[in-house]
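Let's take a walk through this model together, one piece at a time. Have the sequence and the coordinates open as you read.

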Amino acid sequence: MIMNGHPEARARRDYILEQKRGFGRRVIGVFPAYYPRELLLSMNILPVEIWDPPLESSHANAHLQSYICSVVKQGLELILQGKCRDLDAFLFPHTCDSIQNLASIVNDYLGIEKPCYFFYHPKAPYKESSRWYYIKQLEDLALRLEKQFGPLNHHEFKKKVEQGEDLRRTIGELYRRRAEGTLGLSNVEFYRILRQVEYLHPDDFLPVLTAILKRPPDRKSKGLAVIVSGILPNPPEVLEHLDRLGINVADDDFLSCSRRLLARPAISTVPFEAMADSYFGMQPCCTKGSAIEDRLKSILDKAKSSSAKGVIFQMVKFCEPELFDVPILVEGLKAEGLATLVIDTELNQGMSGQLVTRLEAFAEMIG
Amino acid sequence: MSLARKLRYGFMKDVGAPLVMGLAGVKSRSKNIRKPDPLFGPPLKCAERLKEIMTRHYFLSRYAEGAKPVAWVTSGAPVELLRAFDFYTIYPENHGALCGAQKLGPELCAVAEEKGYHQDLCSYARIDLGVCFSGKTPVGRLPKPDLLFASNNICQTVMYWYRVLSHKWKIPLLVFDTPFNFGQISRSEINYMVMQFEEMIPVLERISGKRLDQKAFENVMRLGKESAMAWGEILAAMKTVPSPMTIFDAFVHLAPIVSLRGLPVTLDYYNILLSELKDRISKGIGAIINERKRLMWDNIAIWYKVRDFSRLFAEKGMNFVAATYTNAWAETISYMDETRPMESLAKAYSLVILNNNLDHRLNLMERLIDEYHVDGLVIHSARSCKPYSVGQYDLKRLLMERKGIPSVVIEADITDYRAYSEEQTRTRLEAFFEALEGGS
Amino acid sequence: MEFVVGIDVGSLSTDAVILGEEENILGYSIVGTGDSSTDAAREAMDSAAANAGVDMVRASLIISTGYGRAAVPGSGRQVTEIACHAAGAYHFFSDTELVIDIGGQDSKVIRVGKGGKVLDFAMNDKCAAGTGRFLEVMSAKLKIPLDQMGTFSLAARGEASISSVCTVFAESEVVSLVARNFPKEEIVKGLHRSVVNRVWAMTRQMSVKGGVTMTGGVAKNTGVVALMEERLGRKINVPAEPQIIGALGAALMALRHLKGAAAG
Ligand SMILES: Nc1ncnc2c1ncn2[C@@H]1O[C@H](COP(=O)(O)OP(=O)(O)OP(=O)(O)O)[C@@H](O)[C@H]1O
Ligand code: SF4
Ligand code: SF4
Ligand SMILES: [Mg+2]
């Protein structure tokens, strides 16, 4: 689906084609970040997420100003370069102002033939109305999708919601083992595996995780532990470099990872209700409007339970929701004796010498 | 609320403010006797009155703290509800614009930047945080709020920004969450918004110590609606050739509908302004002496450049007669209906331009081009404001295709002039002027 | 053990310091980095060795730092320049709590604890404003030699206001100031002010009460130092040769490393 030369991208494309041919699946390209996966899966739709396609931005600059983040730029670039042929539709969750307007550009201005779906999720602080509306939105999206993809089978839906619970539980276990230091995966390996969630069907992804968890626990690793926060683990070179420095990412607060992949177990067994349980049971997040104190507390808890020495904020340039939280988070973490490092990164652009210096100086400092 | 403070506020409102305003009035009146400007028509007479109203508003705000419940609100928040509880409201965005116009943007932004707030953040937010951290403001002092009230119908940014304020002062933040209108607004969306109002009432009652006064609420709704309609008529007056007012005037006269919406003073003021404009129209008086071309402005003003631009364009015989920004306050508030207050409030506030899809924006601009006889379009790409700016390049292209009108994009910012290049802008504008002159 | 070597391969200058057992500087050198870090490192070490009258092959340990630290032939260890500037500054001024290193492409603000240990640090973002490179571009534009920028700035009566944060925009502002016949002194002072404001903003994130030491090539610019003192409202320590502080720090670490190894 993405650059043909790029191995991960090729693997993705092959997988998508195989899923279409072998299982008759329909494919929706999904922009960040929160969306009802289980609902799509139960309609035999494979969601393929578009976070950071490895493309050179060229066409997108004719549509977007220089002060727009590269998640939005690269996503649009993918569409403009005609690399979305295999997709049956797009889904745009309402994540931030930039994605909101991107959705509208694609739907209203580009004259693209593919259907666009939108998903608005209620913003915090949550009240009773938030839950009511969230469920309404789910039902509404289901109705809209049915017009293109055929009726929702409630039995199938229930099964997929249960599988979703299973997946969250398993990923939770993976995180727990990593925080404990017995998982035996490097930083790079961990995220390479985890990020397959962005396109693998859970039927294929769950076994991958279970196999890893079945391996005998590794000897407790001795490296320094840190927490990494931000939108997503890109550029991957940052992880590579941390590996090289002997620093273990013991937990994360990435939007693309723990913030949306983990949640408290659902209470209800009624599918729509259960989905609401998990949505409201996720970690605090700036794009949902959570209070900054809540997010600070969540990061502090992670640091405590994994004995992390510091927190690295890996910022996507121009990302407003993250940038507003950072000063208070940094202040709060420092007050608790944790070291912090804020780094600006550009997606898929590797690491500058300056970034290397910052990471190393941070390692020297906490070491 | 202490009794002493209430009395002091009452005194200031009835005696202190008029006194001070009276002095200010005398001062500015004496200053006003100056030579007529060869580029512009006679200045609007009611501008003096506007100055009084706004000065009084900020002047009184010093005494509001402790006397009345104070709320800081976003420009798109349904303030009618707060008025029914007699909140004193402060509009940080309006204050930010004021700082911007006085060229204080970079200085106040820098205070926030020192605290770690990145230069890439909206400069209204940075100015406001700078004001909070340093206490500096050109209006003397802003009263500390008891409540923060934000609606994301203009941007998500305000939600992030007000969260910082809420953390700093440990005071409650009410968010009015308006689902973005990607296509058509649905019944369940309206219900969701109405439910939110109902959830807010007990909170507002607790903070203000008052019960919701249904009569006052209806009255505010009615006044708000009538002022918005009057504002709409004011803007419509600019359809006349030559236009009796410029958009740069409108940027200034917008202040009451933004900050004092739902108060009687706003309606009274707009009625005065409207009759003055009608008088000008009947006498054929234009805002600029030689109106040869009529332009439209997209996005918020470049506050530190309003004065320069108004001269620059007037020199060329070009007058701005329409703007999506000034139109925003006339567009949907007319949905308000005091007989179905909550529901109509939900509609009025969720259908505003920035909460609406880009197709809506394109259609609106096409309509404005026709109705206001627009010859060209100036697009301000505002670094601060993603919801207003993302999509402008396509908008430019589509309007050229559909309406054949030339346009120019100025890369700048609303208040932070460190992101503005005089030379770059001049080059672009010159090319635009050539296109305009060559075109028709 | 005879001597150790610290070498700092920066983006613009490559500096070497040769240190004797008693932390005494035997010799040093500053050369341009040019397009090859390895060549520059060799040249700097050779010239420092000649200056000290020692034979490089007898060096007990070489520690390299700076951008090109991985490209130094014979380097036994690599450390970041953050840690090195902290150690070097602390060596000369033991009251140091904050180090401001303004180099060619980076400016760094380092909070330093006991013994010169790094407690926290901040670096400029990618753009060149607020760095030595910015001043070099402007000195070329104004045709004022770099080492006279300070004198010009101190002689200024007034000051031009440079509002742009971006080098490209600032350059065009300078062009138009020159076109308007603005005194060069005042333009230079304005430029220095903009660098100082940038770097000063970084210091604000660290509350520091004790001594402040400036290092890196820009510390040689008396105009920048004066404005920084004014902004911070206190005297700033400036070492006699601020440009070699990174290399000195690296050499000090080499010495400590050897002593630690001998002890352990
Ligand atoms: N004699 C001088 N007078 C004034 N400024 C000077 C002088 N010599 C050097 N500089 C300034 O110092 C800068 C270079 O500093 P330095 O040698 O510390 O940089 P570097 O270590 O190579 O860069 P970095 O640390 O960013 O990699 C030049 O850009 C220049 O502005
Ligand atoms: S990186 Fe930030 S700004 Fe960009 S799409 Fe994601 S949340 Fe929005
Ligand atoms: S300028 Fe734009 S981003 Fe800033 S507060 Fe206003 S609408 Fe929001
Ligand atoms: Mg250096």
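**A tour of the chains**

B:Ser407 sits in strand β8 (residues 407-412) of chain B; helices (H or I, at least four residues) and strands (E, at least two) are DSSP runs, numbered from the N terminus. Before going further, a word on conventions: residues are numbered from 1 along each chain as its sequence is written, while chains are lettered from A and ligands numbered from 1 in the order in which they are written. This is a predicted model, in which local features need pLDDT of at least 70, side-chain atom pairs count only at pLDDT 80 or more, and totals for chains, interfaces and linings use all residues; side-chain values use heavy atoms, with hydrogens and water left out.

Back to B:Ser407. At 14% relative accessibility it counts as buried, where buried means under 20% relative accessible area, exposed over 50%, and partly exposed in between (1.4 Å probe, protein chains only). Setting aside residues up to four places away in sequence, B:Ser407 touches B:Leu377, B:Ile379, B:Lys396 and B:Phe432; contact here means heavy atoms within 4.5 Å.

How far can you trust chain B? Its mean pLDDT is 91, and 95% of its residues reach 70 or more, pLDDT being the predictor's confidence in each residue, from 0 to 100. The stretch to treat separately is residues 23-31 of chain B, where the pLDDT is below 50 and the model has 2 contacts beyond near neighbours in sequence.

At another spot in chain B, B:Ala4 belongs to helix α1 (residues 3-32). B:Ala4 counts as exposed because its relative accessibility is 57%. From B:Ala4 to B:Glu371 you cover 367 residues in sequence and 54 Å in space, C-alpha to C-alpha.

Now for the charged pairs. Over all chains, the structure holds 72 salt bridges, a salt bridge being a side-chain nitrogen of Lys or Arg within 4 Å of a carboxyl oxygen of Asp or Glu. One of them joins A:Glu180 to A:Arg176, with the closest N and O atoms 2.9 Å apart. Both residues lie in helix α6 (residues 154-180) of chain A, 4 residues apart, or about one turn of the helix. A:Glu180 is partly exposed, at a relative accessible area of 32%, and A:Arg176 is partly exposed too, at 44%.

Other pairs link separate elements. A:Lys302 and A:Asp251 meet in a salt bridge of 3.8 Å, N to O. A:Lys302 is in helix α12 (residues 292-306) of chain A and A:Asp251 in strand β6 (residues 247-254) of chain A, so the pair ties together parts that are 51 residues apart in sequence. Both partners, A:Lys302 and A:Asp251, are buried.

In chain B, a salt bridge forms between B:Lys278 and B:Glu233, whose closest N and O atoms are 4.0 Å apart. B:Lys278 lies in helix α12 (residues 264-283) of chain B and B:Glu233 in helix α9 (residues 214-236) of chain B, so this pair ties together parts that are 45 residues apart in sequence. B:Lys278 is partly exposed at 48% relative accessible area, and B:Glu233 is partly exposed at 42%. Salt bridges that share partners also join A:Asp253, A:Arg259, A:Arg295, A:Glu322, A:Asp325 and B:Arg163 into one network.

A:Asp325 forms a salt bridge with B:Arg163, at 2.7 Å between the closest N and O atoms, and chain B and chain A have 3 salt bridges between them. Here 55 residues of chain B are in contact with 52 residues of chain A. The area buried between these two chains is about 4700 Å², with carbon and sulfur atoms giving 61%; buried area is the accessible area (1.4 Å probe) that two parts lose on being put together, summed over both.

What do chain C and chain B bury between them? About 880 Å², 53% of it on carbon and sulfur atoms. In this interface 12 residues of chain C are in contact with 12 residues of chain B. The count is 1 salt bridge, and the side chains of C:Arg204 and B:Glu114 meet in a salt bridge at 3.1 Å, N to O.
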